[in-house]
Amino acid sequence: MVKNTEVNLSAIARDLKKAASDAVVIGVGQGTDGPFLLENPLTAKSVEALADSLKVLGITGAPDQAVRLPGLPETGSGILVLAGVGKVDAGGKVSGEGLRRAAGSAVRQLAGLSSVTLAFPTATIADVAAIAEGAALGAYSFTEFRSSKDGLKDPVANVAIFTELAGDKDLNAALDRARLLGKAVNATRSLVNQPPSHLYPESFADAAKDLSKGLPVKVTVWDEKRLEKEGFGGIMGVGKGSARQPRLVKVEYSPAKATRKIALVGKGITFDTGGISIKPALGMGDMKSDMAGAAVVLNTVLAIAGLGLPVKATAWLCIAENMPSGAASRPADVLTMFGGKTVEVLNTDAEGRLVMADGIVAASQEYPDAIIDVATLTGAQLIALGNRTAGIMGADSVTGPLKAAADRAGELVWPMPLPDELRPSLDSQVADLANIGERHGGMMTAAVFLREFVGKDKGGQTIPWAHIDIAGPSFNNGAPYGYTPKQGTGCTVRTLVAYVEDLLA
Ligand code: BES
Ligand code: MN
Ligand code: ZN
(Lines give C-alpha, C1' and ligand atoms only; values in the text may rest on other atoms or scores of the structure.)
(Ligands and ions follow the chains in the order given, each with its own letter.)
Protein backbone atom coordinates (compact mmCIF):
# COMPACT_ATOMS: atom_id res chain seq x y z
CA MET A 1 0.00 0.00 0.00
CA VAL A 2 1.17 3.51 -0.91
CA LYS A 3 4.18 2.86 -3.07
CA ASN A 4 4.68 5.88 -5.28
CA THR A 5 7.46 6.13 -7.81
CA GLU A 6 9.61 9.18 -7.22
CA VAL A 7 10.58 11.47 -10.03
CA ASN A 8 14.27 11.81 -10.69
CA LEU A 9 15.10 15.56 -10.61
CA SER A 10 18.25 17.15 -11.98
CA ALA A 11 19.44 20.49 -13.32
CA ILE A 12 21.35 21.26 -16.50
CA ALA A 13 23.09 24.50 -17.42
CA ARG A 14 23.54 24.41 -21.17
CA ASP A 15 23.59 22.34 -24.33
CA LEU A 16 20.10 20.93 -24.50
CA LYS A 17 21.34 18.55 -27.15
CA LYS A 18 23.75 16.75 -24.84
CA ALA A 19 21.07 16.29 -22.22
CA ALA A 20 18.55 15.06 -24.77
CA SER A 21 15.21 13.96 -23.39
CA ASP A 22 11.89 12.95 -24.93
CA ALA A 23 10.55 16.50 -24.78
CA VAL A 24 11.69 20.04 -24.08
CA VAL A 25 9.14 22.37 -22.50
CA ILE A 26 9.26 26.16 -22.84
CA GLY A 27 6.82 28.67 -21.38
CA VAL A 28 4.26 30.94 -23.01
CA GLY A 29 2.82 33.88 -21.08
CA GLN A 30 -0.53 35.64 -21.51
CA GLY A 31 0.44 39.24 -22.12
CA THR A 32 -1.82 42.26 -22.61
CA ASP A 33 -0.99 42.16 -26.34
CA GLY A 34 -1.47 38.41 -26.66
CA PRO A 35 0.69 35.36 -26.03
CA PHE A 36 4.47 35.65 -25.91
CA LEU A 37 7.35 33.22 -25.47
CA LEU A 38 9.11 33.37 -22.12
CA GLU A 39 12.89 33.43 -21.98
CA ASN A 40 14.19 30.10 -23.26
CA PRO A 41 17.33 28.41 -24.60
CA LEU A 42 16.22 28.11 -28.25
CA THR A 43 18.12 29.92 -31.01
CA ALA A 44 17.00 33.43 -31.92
CA LYS A 45 15.86 32.12 -35.29
CA SER A 46 13.63 29.44 -33.74
CA VAL A 47 12.21 31.90 -31.24
CA GLU A 48 11.30 34.31 -34.01
CA ALA A 49 9.63 31.62 -36.09
CA LEU A 50 7.69 30.29 -33.11
CA ALA A 51 6.65 33.73 -31.92
CA ASP A 52 5.20 34.47 -35.35
CA SER A 53 3.15 31.26 -35.33
CA LEU A 54 1.70 31.34 -31.80
CA LYS A 55 -1.65 32.78 -32.88
CA VAL A 56 -2.17 30.45 -35.86
CA LEU A 57 -1.23 27.45 -33.72
CA GLY A 58 -3.95 28.43 -31.25
CA ILE A 59 -1.38 28.93 -28.49
CA THR A 60 -2.72 31.37 -25.89
CA GLY A 61 -0.44 30.91 -22.89
CA ALA A 62 -3.44 30.00 -20.74
CA PRO A 63 -2.73 27.88 -17.67
CA ASP A 64 -2.79 24.13 -18.38
CA GLN A 65 -2.27 24.56 -22.09
CA ALA A 66 0.48 22.20 -23.30
CA VAL A 67 0.83 22.11 -27.08
CA ARG A 68 3.16 19.52 -28.60
CA LEU A 69 5.20 20.44 -31.69
CA PRO A 70 7.97 18.56 -33.50
CA GLY A 71 11.35 19.03 -31.80
CA LEU A 72 13.95 21.49 -33.07
CA PRO A 73 17.51 20.53 -34.05
CA GLU A 74 19.04 22.52 -31.17
CA THR A 75 17.09 20.61 -28.52
CA GLY A 76 17.98 17.05 -29.52
CA SER A 77 14.48 16.00 -28.41
CA GLY A 78 11.69 14.73 -30.61
CA ILE A 79 9.05 16.96 -29.06
CA LEU A 80 8.88 20.66 -28.23
CA VAL A 81 6.11 21.57 -25.80
CA LEU A 82 4.74 25.09 -25.42
CA ALA A 83 3.29 25.32 -21.92
CA GLY A 84 0.99 28.12 -20.75
CA VAL A 85 1.96 29.95 -17.58
CA GLY A 86 -1.05 32.30 -17.55
CA LYS A 87 -0.90 36.00 -16.79
CA VAL A 88 2.46 37.45 -15.83
CA ASP A 89 3.07 40.53 -13.70
CA ALA A 90 3.87 43.94 -15.15
CA GLY A 91 7.60 43.26 -15.04
CA GLY A 92 7.05 40.10 -17.11
CA LYS A 93 7.94 37.86 -14.18
CA VAL A 94 6.08 34.62 -13.54
CA SER A 95 5.13 34.03 -9.89
CA GLY A 96 6.51 31.05 -8.00
CA GLU A 97 3.12 29.38 -8.01
CA GLY A 98 2.75 30.21 -11.73
CA LEU A 99 5.97 28.30 -12.42
CA ARG A 100 4.99 25.47 -10.06
CA ARG A 101 1.67 25.01 -11.79
CA ALA A 102 3.02 25.31 -15.32
CA ALA A 103 5.79 22.79 -14.61
CA GLY A 104 3.37 20.48 -12.84
CA SER A 105 0.74 20.70 -15.54
CA ALA A 106 3.26 19.98 -18.30
CA VAL A 107 4.79 17.02 -16.46
CA ARG A 108 1.33 15.68 -15.61
CA GLN A 109 0.13 15.96 -19.22
CA LEU A 110 3.33 14.44 -20.60
CA ALA A 111 2.75 11.18 -18.69
CA GLY A 112 3.81 8.29 -20.90
CA LEU A 113 7.12 9.96 -21.79
CA SER A 114 10.16 8.87 -19.84
CA SER A 115 12.21 12.08 -19.69
CA VAL A 116 11.34 15.76 -19.94
CA THR A 117 13.46 18.92 -19.85
CA LEU A 118 11.78 22.01 -18.40
CA ALA A 119 13.21 25.25 -19.77
CA PHE A 120 11.25 27.96 -17.96
CA PRO A 121 12.97 31.20 -16.91
CA THR A 122 14.72 30.97 -13.54
CA ALA A 123 15.94 34.21 -11.98
CA THR A 124 16.45 32.75 -8.51
CA ILE A 125 16.87 29.42 -6.74
CA ALA A 126 13.30 29.91 -5.48
CA ASP A 127 12.16 29.75 -9.12
CA VAL A 128 14.11 26.51 -9.67
CA ALA A 129 12.61 25.13 -6.46
CA ALA A 130 9.08 25.99 -7.60
CA ILE A 131 9.63 24.26 -10.95
CA ALA A 132 11.11 21.21 -9.22
CA GLU A 133 8.18 21.02 -6.79
CA GLY A 134 5.67 21.35 -9.62
CA ALA A 135 7.42 18.54 -11.49
CA ALA A 136 7.47 16.26 -8.44
CA LEU A 137 3.76 16.93 -7.83
CA GLY A 138 2.79 16.52 -11.50
CA ALA A 139 4.53 13.14 -11.81
CA TYR A 140 1.82 11.24 -9.98
CA SER A 141 -0.66 8.52 -10.81
CA PHE A 142 -2.75 6.10 -8.79
CA THR A 143 -3.08 2.74 -10.54
CA GLU A 144 -2.75 0.25 -7.66
CA PHE A 145 -6.22 -1.16 -8.24
CA ARG A 146 -6.10 -1.59 -12.03
CA SER A 147 -5.85 -5.23 -13.04
CA SER A 148 -4.19 -4.31 -16.34
CA LYS A 149 -1.78 -1.50 -17.11
CA ASP A 150 -2.98 -1.43 -20.75
CA GLY A 151 -3.81 2.09 -21.80
CA LEU A 152 -2.37 3.56 -18.62
CA LYS A 153 0.51 6.00 -18.90
CA ASP A 154 3.33 5.97 -16.36
CA PRO A 155 4.21 9.33 -14.84
CA VAL A 156 7.32 11.01 -16.24
CA ALA A 157 10.31 9.40 -14.53
CA ASN A 158 13.09 11.92 -15.22
CA VAL A 159 12.86 15.69 -15.17
CA ALA A 160 15.82 17.93 -16.00
CA ILE A 161 15.48 21.61 -15.21
CA PHE A 162 17.32 23.88 -17.59
CA THR A 163 18.76 26.77 -15.59
CA GLU A 164 21.70 29.13 -15.54
CA LEU A 165 21.76 28.45 -11.80
CA ALA A 166 22.71 24.79 -12.22
CA GLY A 167 26.04 25.44 -10.46
CA ASP A 168 24.54 27.40 -7.56
CA LYS A 169 25.56 26.22 -4.08
CA ASP A 170 21.91 26.11 -2.95
CA LEU A 171 20.65 24.13 -5.91
CA ASN A 172 21.00 20.62 -4.53
CA ALA A 173 19.25 21.48 -1.29
CA ALA A 174 16.37 22.96 -3.30
CA LEU A 175 16.05 19.82 -5.43
CA ASP A 176 16.25 17.56 -2.37
CA ARG A 177 13.53 19.56 -0.64
CA ALA A 178 11.32 19.41 -3.73
CA ARG A 179 11.82 15.64 -3.94
CA LEU A 180 10.92 15.23 -0.28
CA LEU A 181 7.86 17.45 -0.48
CA GLY A 182 6.74 15.62 -3.61
CA LYS A 183 7.10 12.32 -1.80
CA ALA A 184 5.11 13.54 1.21
CA VAL A 185 2.31 15.07 -0.86
CA ASN A 186 2.07 12.06 -3.18
CA ALA A 187 1.94 9.65 -0.24
CA THR A 188 -0.88 11.76 1.22
CA ARG A 189 -2.75 11.59 -2.09
CA SER A 190 -2.34 7.83 -2.30
CA LEU A 191 -3.61 7.31 1.24
CA VAL A 192 -6.67 9.43 0.42
CA ASN A 193 -7.20 7.53 -2.83
CA GLN A 194 -7.18 4.12 -1.14
CA PRO A 195 -10.63 2.53 -1.17
CA PRO A 196 -12.20 2.11 2.27
CA SER A 197 -12.24 -1.66 1.68
CA HIS A 198 -8.47 -1.49 1.92
CA LEU A 199 -7.81 1.52 4.15
CA TYR A 200 -9.51 1.08 7.52
CA PRO A 201 -8.23 2.02 10.98
CA GLU A 202 -5.91 -0.94 11.48
CA SER A 203 -4.48 -0.85 7.95
CA PHE A 204 -4.05 2.94 8.19
CA ALA A 205 -2.00 2.46 11.36
CA ASP A 206 0.06 -0.18 9.53
CA ALA A 207 0.57 2.20 6.60
CA ALA A 208 1.78 4.88 9.03
CA LYS A 209 4.39 2.45 10.38
CA ASP A 210 5.34 1.42 6.88
CA LEU A 211 5.84 4.98 5.63
CA SER A 212 7.88 5.80 8.74
CA LYS A 213 10.44 3.07 8.04
CA GLY A 214 13.97 4.34 7.69
CA LEU A 215 13.16 7.70 9.31
CA PRO A 216 14.12 8.75 12.85
CA VAL A 217 10.53 8.73 14.14
CA LYS A 218 8.74 6.73 16.81
CA VAL A 219 5.30 5.34 16.03
CA THR A 220 2.88 4.35 18.81
CA VAL A 221 -0.50 2.76 18.09
CA TRP A 222 -3.43 2.66 20.52
CA ASP A 223 -5.76 -0.24 19.69
CA GLU A 224 -9.41 -0.31 20.79
CA LYS A 225 -8.61 -1.96 24.12
CA ARG A 226 -6.11 0.68 25.10
CA LEU A 227 -8.34 3.49 23.80
CA GLU A 228 -11.22 2.18 25.90
CA LYS A 229 -9.05 1.70 28.97
CA GLU A 230 -7.50 5.17 28.79
CA GLY A 231 -10.80 6.91 28.18
CA PHE A 232 -10.68 8.03 24.55
CA GLY A 233 -14.47 8.32 24.46
CA GLY A 234 -14.61 10.42 21.30
CA ILE A 235 -12.60 8.05 19.13
CA MET A 236 -14.31 4.98 20.63
CA GLY A 237 -17.80 6.51 20.38
CA VAL A 238 -17.36 7.17 16.67
CA GLY A 239 -15.58 3.92 15.91
CA LYS A 240 -17.66 1.42 17.79
CA GLY A 241 -20.35 1.13 15.09
CA SER A 242 -17.84 -0.41 12.71
CA ALA A 243 -16.53 -3.97 12.53
CA ARG A 244 -13.15 -2.31 11.95
CA GLN A 245 -12.11 -0.99 15.36
CA PRO A 246 -10.59 2.49 15.78
CA ARG A 247 -6.99 3.46 16.35
CA LEU A 248 -4.97 6.41 17.62
CA VAL A 249 -1.54 6.73 16.09
CA LYS A 250 1.20 8.99 17.41
CA VAL A 251 4.18 9.70 15.18
CA GLU A 252 7.00 11.54 16.96
CA TYR A 253 10.06 13.17 15.54
CA SER A 254 12.23 14.34 18.39
CA PRO A 255 15.72 15.42 17.28
CA ALA A 256 18.25 16.22 20.01
CA LYS A 257 18.83 19.72 18.61
CA ALA A 258 15.11 20.66 18.69
CA THR A 259 14.35 24.26 19.64
CA ARG A 260 10.56 24.14 19.18
CA LYS A 261 7.78 21.67 19.83
CA ILE A 262 4.78 21.42 17.51
CA ALA A 263 1.79 19.08 17.71
CA LEU A 264 -0.32 18.24 14.67
CA VAL A 265 -3.68 16.51 15.02
CA GLY A 266 -5.43 14.93 12.03
CA LYS A 267 -8.94 13.63 11.38
CA GLY A 268 -8.70 10.04 10.19
CA ILE A 269 -12.23 8.87 9.40
CA THR A 270 -11.43 6.12 6.90
CA PHE A 271 -15.05 6.22 5.76
CA ASP A 272 -17.85 8.53 6.84
CA THR A 273 -21.31 7.13 6.20
CA GLY A 274 -22.67 9.61 8.75
CA GLY A 275 -23.46 6.73 11.12
CA ILE A 276 -27.05 6.50 12.33
CA SER A 277 -27.53 10.08 11.05
CA ILE A 278 -26.73 8.53 7.68
CA LYS A 279 -25.69 10.58 4.66
CA PRO A 280 -27.56 10.54 1.32
CA ALA A 281 -26.22 8.06 -1.26
CA LEU A 282 -25.20 10.65 -3.84
CA GLY A 283 -21.47 11.30 -3.59
CA MET A 284 -21.04 9.25 -0.43
CA GLY A 285 -18.06 7.49 -2.02
CA ASP A 286 -16.10 10.74 -1.71
CA MET A 287 -16.16 10.14 2.05
CA LYS A 288 -13.24 7.75 1.64
CA SER A 289 -11.28 11.00 1.74
CA ASP A 290 -12.44 11.81 5.29
CA MET A 291 -9.04 10.70 6.62
CA ALA A 292 -7.14 13.31 4.62
CA GLY A 293 -6.24 15.36 7.71
CA ALA A 294 -4.56 12.37 9.36
CA ALA A 295 -2.69 11.58 6.13
CA VAL A 296 -1.54 15.23 5.97
CA VAL A 297 -0.21 15.39 9.54
CA LEU A 298 1.51 12.01 9.18
CA ASN A 299 3.31 12.99 5.99
CA THR A 300 4.13 16.46 7.31
CA VAL A 301 6.00 14.98 10.27
CA LEU A 302 7.73 12.49 7.97
CA ALA A 303 8.80 15.33 5.67
CA ILE A 304 10.07 17.36 8.64
CA ALA A 305 12.05 14.30 9.78
CA GLY A 306 13.35 13.76 6.26
CA LEU A 307 14.53 17.36 6.10
CA GLY A 308 16.10 17.04 9.55
CA LEU A 309 14.54 20.28 10.82
CA PRO A 310 15.44 21.08 14.45
CA VAL A 311 11.90 20.88 15.79
CA LYS A 312 10.08 18.31 17.85
CA ALA A 313 7.04 17.45 15.74
CA THR A 314 4.33 15.04 16.77
CA ALA A 315 1.43 13.86 14.63
CA TRP A 316 -1.71 12.51 16.27
CA LEU A 317 -3.83 10.48 13.85
CA CYS A 318 -7.39 10.07 15.16
CA ILE A 319 -8.64 7.11 13.16
CA ALA A 320 -12.09 5.51 13.08
CA GLU A 321 -14.71 4.35 10.60
CA ASN A 322 -18.13 5.99 11.02
CA MET A 323 -20.71 3.27 10.35
CA PRO A 324 -24.34 2.67 11.31
CA SER A 325 -24.93 -0.61 13.14
CA GLY A 326 -26.45 -2.07 16.26
CA ALA A 327 -23.27 -1.12 18.07
CA ALA A 328 -23.12 2.45 16.75
CA SER A 329 -23.57 5.65 18.77
CA ARG A 330 -27.13 7.00 18.68
CA PRO A 331 -28.25 10.62 18.51
CA ALA A 332 -28.67 11.67 22.17
CA ASP A 333 -25.89 9.40 23.42
CA VAL A 334 -23.42 11.04 25.78
CA LEU A 335 -19.71 10.37 25.41
CA THR A 336 -17.00 11.07 27.97
CA MET A 337 -14.09 12.40 26.03
CA PHE A 338 -10.39 11.99 26.80
CA GLY A 339 -9.73 14.40 29.67
CA GLY A 340 -13.25 14.04 31.10
CA LYS A 341 -15.50 16.53 29.28
CA THR A 342 -18.89 15.09 28.28
CA VAL A 343 -20.50 15.54 24.87
CA GLU A 344 -24.06 14.84 23.79
CA VAL A 345 -24.00 13.39 20.28
CA LEU A 346 -27.03 14.95 18.64
CA ASN A 347 -25.88 14.10 15.13
CA THR A 348 -23.62 11.12 14.51
CA ASP A 349 -22.49 12.71 11.25
CA ALA A 350 -20.67 15.42 13.21
CA GLU A 351 -18.13 12.74 14.11
CA GLY A 352 -14.91 14.47 13.09
CA ARG A 353 -14.99 16.92 15.99
CA LEU A 354 -15.46 13.98 18.39
CA VAL A 355 -12.33 12.12 17.36
CA MET A 356 -10.40 15.39 17.05
CA ALA A 357 -11.38 16.48 20.57
CA ASP A 358 -9.65 13.40 21.99
CA GLY A 359 -6.57 14.06 19.85
CA ILE A 360 -6.38 17.73 20.84
CA VAL A 361 -6.60 16.86 24.55
CA ALA A 362 -3.90 14.20 24.17
CA ALA A 363 -1.66 16.62 22.25
CA SER A 364 -2.20 19.33 24.91
CA GLN A 365 -0.98 17.05 27.68
CA GLU A 366 2.54 17.23 26.22
CA TYR A 367 2.65 21.06 26.39
CA PRO A 368 3.62 21.81 22.77
CA ASP A 369 4.41 25.41 21.73
CA ALA A 370 1.48 25.21 19.32
CA ILE A 371 -1.18 22.77 18.15
CA ILE A 372 -2.41 22.74 14.58
CA ASP A 373 -5.25 20.41 13.64
CA VAL A 374 -6.20 19.44 10.10
CA ALA A 375 -9.58 17.96 9.26
CA THR A 376 -12.13 17.44 6.52
CA LEU A 377 -14.51 18.73 9.13
CA THR A 378 -17.53 20.41 7.55
CA GLY A 379 -19.58 20.69 4.39
CA ALA A 380 -19.95 24.31 5.49
CA GLN A 381 -16.28 24.86 4.59
CA LEU A 382 -17.21 24.22 0.94
CA ILE A 383 -20.14 26.64 1.17
CA ALA A 384 -17.97 29.35 2.71
CA LEU A 385 -14.72 29.05 0.78
CA GLY A 386 -15.33 26.66 -2.11
CA ASN A 387 -13.41 23.71 -3.43
CA ARG A 388 -9.88 24.96 -3.34
CA THR A 389 -9.42 27.25 -0.34
CA ALA A 390 -8.95 25.81 3.13
CA GLY A 391 -10.35 27.67 6.15
CA ILE A 392 -7.97 28.53 8.98
CA MET A 393 -9.24 29.50 12.42
CA GLY A 394 -7.83 29.93 15.91
CA ALA A 395 -5.18 32.03 17.61
CA ASP A 396 -3.83 34.89 15.47
CA SER A 397 -0.32 33.97 16.59
CA VAL A 398 -0.71 30.71 14.63
CA THR A 399 -3.11 31.60 11.81
CA GLY A 400 -1.02 34.64 10.79
CA PRO A 401 2.19 32.65 10.20
CA LEU A 402 0.13 29.81 8.68
CA LYS A 403 -1.33 32.17 6.08
CA ALA A 404 2.15 33.50 5.28
CA ALA A 405 3.47 29.94 4.98
CA ALA A 406 0.61 28.95 2.66
CA ASP A 407 1.33 31.97 0.45
CA ARG A 408 4.97 30.94 0.21
CA ALA A 409 4.03 27.32 -0.49
CA GLY A 410 1.49 28.32 -3.16
CA GLU A 411 -1.53 26.87 -1.34
CA LEU A 412 -4.87 28.62 -0.81
CA VAL A 413 -6.01 29.20 2.77
CA TRP A 414 -8.18 31.94 4.24
CA PRO A 415 -8.58 33.04 7.87
CA MET A 416 -12.07 32.90 9.35
CA PRO A 417 -13.20 34.30 12.73
CA LEU A 418 -14.41 32.39 15.77
CA PRO A 419 -17.19 34.67 17.03
CA ASP A 420 -18.07 34.11 20.69
CA GLU A 421 -21.81 34.11 20.00
CA LEU A 422 -21.48 30.67 18.43
CA ARG A 423 -20.47 29.05 21.70
CA PRO A 424 -23.94 28.98 23.38
CA SER A 425 -25.35 27.21 20.32
CA LEU A 426 -23.28 24.19 21.41
CA ASP A 427 -24.91 24.04 24.85
CA SER A 428 -26.48 20.68 25.68
CA GLN A 429 -29.50 19.93 27.88
CA VAL A 430 -27.67 17.08 29.57
CA ALA A 431 -23.89 17.20 28.93
CA ASP A 432 -21.07 19.77 28.93
CA LEU A 433 -21.46 20.31 25.21
CA ALA A 434 -23.51 19.16 22.22
CA ASN A 435 -21.72 18.09 19.07
CA ILE A 436 -23.83 20.32 16.81
CA GLY A 437 -24.76 23.99 17.06
CA GLU A 438 -25.47 26.98 14.84
CA ARG A 439 -25.79 25.78 11.25
CA HIS A 440 -24.99 29.11 9.61
CA GLY A 441 -21.23 29.47 9.63
CA GLY A 442 -21.03 25.76 10.45
CA MET A 443 -17.29 25.64 9.74
CA MET A 444 -16.74 28.14 12.54
CA THR A 445 -19.21 26.38 14.88
CA ALA A 446 -17.19 23.18 14.48
CA ALA A 447 -13.97 25.06 15.26
CA VAL A 448 -15.55 26.65 18.35
CA PHE A 449 -16.37 23.11 19.49
CA LEU A 450 -12.74 22.03 19.01
CA ARG A 451 -11.46 25.11 20.86
CA GLU A 452 -13.14 23.82 24.02
CA PHE A 453 -10.62 20.95 24.08
CA VAL A 454 -7.39 22.93 23.68
CA GLY A 455 -5.41 22.64 26.91
CA LYS A 456 -3.27 25.05 28.90
CA ASP A 457 0.50 25.34 29.01
CA LYS A 458 2.53 24.97 32.20
CA GLY A 459 1.94 28.64 33.01
CA GLY A 460 -1.84 28.23 32.78
CA GLN A 461 -2.15 30.00 29.40
CA THR A 462 -4.18 28.39 26.62
CA ILE A 463 -1.86 26.67 24.16
CA PRO A 464 -1.73 28.57 20.84
CA TRP A 465 -3.92 26.55 18.48
CA ALA A 466 -5.15 26.69 14.90
CA HIS A 467 -7.61 24.57 13.00
CA ILE A 468 -7.50 23.96 9.25
CA ASP A 469 -10.70 22.75 7.57
CA ILE A 470 -9.74 21.02 4.31
CA ALA A 471 -13.14 19.46 3.44
CA GLY A 472 -13.08 20.99 -0.05
CA PRO A 473 -9.43 21.33 -1.08
CA SER A 474 -8.32 17.86 0.04
CA PHE A 475 -10.29 16.10 -2.68
CA ASN A 476 -10.63 17.13 -6.31
CA ASN A 477 -13.72 15.61 -7.90
CA GLY A 478 -13.34 17.82 -10.96
CA ALA A 479 -10.76 17.76 -13.74
CA PRO A 480 -7.03 17.82 -12.96
CA TYR A 481 -5.35 21.24 -13.12
CA GLY A 482 -1.81 22.48 -12.65
CA TYR A 483 -0.01 19.91 -10.52
CA THR A 484 -3.29 18.80 -8.91
CA PRO A 485 -4.63 15.41 -9.96
CA LYS A 486 -8.15 14.06 -9.58
CA GLN A 487 -9.19 12.77 -6.13
CA GLY A 488 -6.65 13.18 -3.29
CA THR A 489 -4.72 16.46 -3.63
CA GLY A 490 -2.34 16.24 -0.67
CA CYS A 491 -3.13 19.87 0.18
CA THR A 492 -1.62 21.62 3.22
CA VAL A 493 1.40 19.34 3.65
CA ARG A 494 3.52 22.00 1.93
CA THR A 495 1.95 24.78 4.00
CA LEU A 496 2.70 22.98 7.27
CA VAL A 497 6.30 22.22 6.31
CA ALA A 498 6.74 25.87 5.28
CA TYR A 499 5.17 26.97 8.59
CA VAL A 500 7.72 24.97 10.56
CA GLU A 501 10.60 26.23 8.40
CA ASP A 502 9.46 29.83 8.94
CA LEU A 503 9.21 29.22 12.67
CA LEU A 504 12.84 28.17 12.75
CA ALA A 505 14.09 30.91 10.45
N1 BES B 1 -16.82 14.55 6.70
C2 BES B 1 -17.90 15.45 6.80
C3 BES B 1 -17.60 16.82 6.21
C4 BES B 1 -17.37 16.86 4.72
C5 BES B 1 -18.40 17.16 3.86
C6 BES B 1 -16.11 16.66 4.20
C7 BES B 1 -18.19 17.22 2.50
C8 BES B 1 -15.89 16.72 2.84
C9 BES B 1 -16.92 17.01 1.99
C10 BES B 1 -18.28 15.65 8.28
O11 BES B 1 -18.06 14.56 9.09
C12 BES B 1 -19.74 15.95 8.33
O13 BES B 1 -20.49 15.10 7.96
N14 BES B 1 -20.09 17.14 8.81
C15 BES B 1 -21.44 17.54 8.91
C16 BES B 1 -21.61 18.26 10.22
C17 BES B 1 -23.04 18.60 10.53
C18 BES B 1 -23.81 17.35 10.83
C19 BES B 1 -23.05 19.56 11.69
C20 BES B 1 -21.75 18.45 7.75
O21 BES B 1 -20.91 19.27 7.39
O22 BES B 1 -22.82 18.31 7.17
MN1 MN C 1 -19.67 13.21 9.12
ZN1 ZN D 1 -16.58 13.28 8.53
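How do the residues of the lining of the largest pocket divide into nonpolar, polar and charged? The answer is 12 nonpolar, 15 polar and 10 charged, with Ala, Val, Leu, Ile, Met, Phe, Trp, Tyr, Cys and Pro counted as nonpolar, Asp, Glu, Lys and Arg as charged, and the others, Gly among them, as polar. This is a predicted model, where local features need pLDDT of at least 70, side-chain atom pairs count only at pLDDT 80 or more, and totals for linings use all residues. Residues are numbered from 1 along each chain, and ligands from 1 in the order in which they are written.

**View 1. Welcome to the largest pocket, about 850 Å³ in volume.** Its 37 lining residues come closest to the centre at K279, L377, T378, G379 and A380. A pocket here is an open set of points on a 1 Å grid over the protein atoms alone, where a 1.4 Å probe fits, with protein on both sides within 12 Å along at least five of seven lines; lining residues have an atom within 4 Å of a point. The volume is the space filled by probe spheres set on the points.

**View 2. Here ligand 1 sits in the largest pocket, with more than half of its atoms within 2 Å of the pocket's grid points.** Oxygen atoms of ligand 1 lie 2.8 Å from a polar side-chain atom of K279, 2.8 Å from an N or O atom in the side chain of E351 and 2.7 Å from a polar backbone atom of G379.

**View 3. Next comes the second largest pocket, with about 580 Å³ of space.** Among its 19 lining residues, Y140, S141, F142, T143 and R146 are the closest to its centre.

Terms used
Side-chain values use heavy atoms; hydrogens and water are left out. A polar contact is a pair of N or O atoms within 3.5 Å; within protein, one must be able to donate a hydrogen and the other to accept it, and residues adjacent in sequence count only if both atoms are side-chain atoms.
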